[in-house]
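The entries follow in the order in which I made them.

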Amino acid sequence: MNTIILCVDDDPNILSIYRDELTEEGYKVILAKDGKEALAVFAKEKPNLVILDIRMPQMDGIETLNSLLGKNRQIPVILNTAYPQYKENFMTWGADAYVTKSADLTELKRTIREILASKT
């Protein structure tokens with residue numbers, strides 16, 4: 001399986017957990033610490049799915065989401081944030097899924113599998 005997942009979060013500990021757990025699931029994981037870096041990595045690596053935090057410095061997740069969709073309307077994006085109130089913000093509706101951040105990645109992994117299965 002050569003599925004590439006781009007994980008974007010400003011917390012290095014969270015990125016480390018994503019990398020470890022998603023690599024264990026068989027995905028190739030690439031990391032970015034903010035929206036600007038995510039857009040550069042996105043252009044170079046062509047990921048199959050993006051996991052995106054919302055609250056980040058320089059370029060937040062909503063701005064990043066809109067830029068990513070501007071480059072590729074087909075790219076599945078999962079917003080993964082500790083702030084559930086963003087789910088009501090129409091600016092986040094372009095995302096394929098909205099998962100509230102948790103130390104337990106079970107829901108996130110399930111969502112990844114469901115989205116990837118629906119895209120094939």
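Entry 1, the cavity. I noted that Asn80, Val99, Thr100, Lys101, Ser102, Asp104, Leu105 and Leu108 line the largest cavity. On a 1 Å grid over the protein atoms alone, a cavity is a set of points where a 1.4 Å probe fits but cannot get out, and lining residues have an atom within 4 Å of a point. The lining divides into three nonpolar, three polar and two charged residues, with Asp, Glu, Lys and Arg counted as charged, Ala, Val, Leu, Ile, Met, Phe, Trp, Tyr, Cys and Pro as nonpolar, and the others as polar.

Basis. The model is predicted: local features need pLDDT of at least 70 and side-chain atom pairs pLDDT 80 or more, while totals for chains, interfaces and linings use all residues. Residues are numbered from 1 along each chain as its sequence is written, and side-chain values use heavy atoms, without hydrogens and water.

Helices are DSSP runs (H or I, at least four residues), as are strands (E, at least two). In helix 3 (residues 61-71) I found Gly61, Ile62, Thr64, Leu65, Leu68 and Leu69 buried, that is, under 20% relative accessible area, where exposed is over 50%. Seen down the helix axis, these buried residues fall within an arc of 160° (directions from the axis to the C-beta atoms), so they line one face of helix 3. Gly70 and Lys71 are exposed on the other side.

I located Cys7 in strand 1 (residues 4-8); Cys7 is buried, at 0% relative accessible area.

How values were computed: 1 Å grid on protein atoms, 1.4 Å probe; cavity = no way out; pocket = protein on both sides within 12 Å on 5 of 7 lines; lining within 4 Å. Buried < 20%, exposed > 50% of the residue type's maximum accessible area, 1.4 Å probe, protein only.
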